[in-house]
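Take a look at the protein shown here. Keep an eye on its rings and its loops as you read.

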Amino acid sequence: MIRAFGLVVLLVAIPARAQTPTEDPVFAAHVAKAQELYTKNDLVHAREELLAAYAIDPAADLLFGLGQVEFNLKHYAKAIEYYEQFMTTNPDGEREALAQQAIGAARIELRRPPPPPPPPPPHREWDGVDTTLVVGGGVLGAGGAALLYYAHHLSIDHTGTLHQYDSRIHHARIAQWSAVGGFTAGAAMISAAIIRWRLHLVDTTLEVHPTAGGVAFSLEHPL
């Protein structure tokens, strides 16, 4: 609705001035360019063209147009300043009502509390289950290393009878296979902890706390 008011003034009121015989063609070119840029929502450059036109001829309608541009740029205090300057030019009743409505809308926007910042993205969280998996995997790995040492010790022991040696080799092989199983299980547990951590995304809660000057925001991570 506010943008429509600006178009009413810029596209209807100002072209009416262009019919005057003393119209500066440079002024008219700036106004036409401002209208074109405004319709394309290029508000910054539209403002530059309006200011250039106002420097040539401080037309009252340009003040309203500048107010509209500043309003849509969310520069509400500056918009009110232009609207109030426009009001001092004694506009007709319809344009005065539009300016008053625009001033009211700008003041409402100035009083509006700022929106809270967007919530941060979810974060990965390492918890007790992950720690347990890693510790368990480490224990199994250490047990596997101990079994490998034991199997090696049995295999190099050539004392005693042939039957005793064969028995030691048999136990060494069992220890080796147990070590392999321990290493495999330990690696699987550690891998599971890493995968679980990578997939364990936890939302971050944005807490709002009233303060003397307004509100404050803090991030709360759920346990």
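This report goes from the core to the aromatic rings, then to the loops and one glycine.

This is a predicted model.

**The core**

The largest nonpolar core has 28 residues. Phe-27, Leu-50, Leu-62, Phe-64, Phe-71 and Tyr-83 touch the most other members. Helices α2 (25-39), α3 (43-56), α4, α5 and α6 each supply at least two residues of this core. In soluble globular proteins, nonpolar side chains tend to be buried together.

**The aromatic pairs**

How many aromatic pairs does the structure hold? There are three. A pair of aromatic rings is described by the distance of the centres and the angle of the planes. Two of the pairs are set out below.

| Pair | Centre to centre | Angle between planes | Type |
|---|---|---|---|
| Phe-64 and Phe-86 | 5.3 Å | 70° | edge-to-face |
| Phe-71 and Tyr-76 | 5.2 Å | 70° | edge-to-face |

Why is the pair of Phe-64 and Phe-86 called edge-to-face? Their planes stand at 70°, and the label applies because planes over 60 degrees apart count as edge-to-face. This pair links distant parts of the chain. Phe-64 is in helix α4, Phe-86 is in helix α5, and 22 residues separate them.

Phe-64 and Phe-86 belong to one aromatic cluster with Tyr-83.

**A polar contact at Tyr-83**

Tyr-83 has a polar partner as well. Its side chain makes a polar contact with the side chain of Gln-68, at 2.3 Å. Gln-68 sits in helix α4 (residues 60-72). With 0% relative accessibility, Gln-68 counts as buried.

**Two loop residues with positive phi**

Most residues other than glycine have a negative phi. Lys-74 has a positive one, near 70°. Lys-74 lies in the loop between α4 and α5 (76-87). Its relative accessible area is 59%, so Lys-74 is exposed.

Asn-90 also has a positive phi, near 55°. Asn-90 is in the loop between α5 and α6 (93-111). With a relative accessible area of 68%, Asn-90 is exposed.

**A glycine in α7**

Where is Gly-138? Gly-138 lies in helix α7 (residues 128-155). Gly-138 is partly exposed, with a relative accessible area of 36%. In sequence, Gly-138 and Ala-187 are 49 residues apart. In space, they are 8.2 Å apart, C-alpha to C-alpha.

Note on methods: Residues are numbered from 1 along each chain as its sequence is written. This is a predicted model: local features need pLDDT of at least 70, side-chain atom pairs count only at pLDDT 80 or more; totals for chains, interfaces and linings use all residues. Side-chain values use heavy atoms; hydrogens and water are left out. Helices (H or I, at least four residues) and strands (E, at least two) are DSSP runs, numbered from the N terminus. Buried means under 20% relative accessible area, exposed over 50%, partly exposed in between (1.4 Å probe, protein chains only). A polar contact is a pair of N or O atoms within 3.5 Å; within protein, one must be able to donate a hydrogen and the other to accept it, and residues adjacent in sequence count only if both atoms are side-chain atoms. A nonpolar core is a set of buried Ala, Val, Leu, Ile, Met, Phe, Trp, Tyr and Cys residues joined through side-chain atoms within 4.5 Å. Rings of Phe, Tyr and Trp (its six-membered ring) pair if their centres lie within 6.5 Å; planes under 30 degrees apart count as stacked, over 60 as edge-to-face and the rest as tilted.
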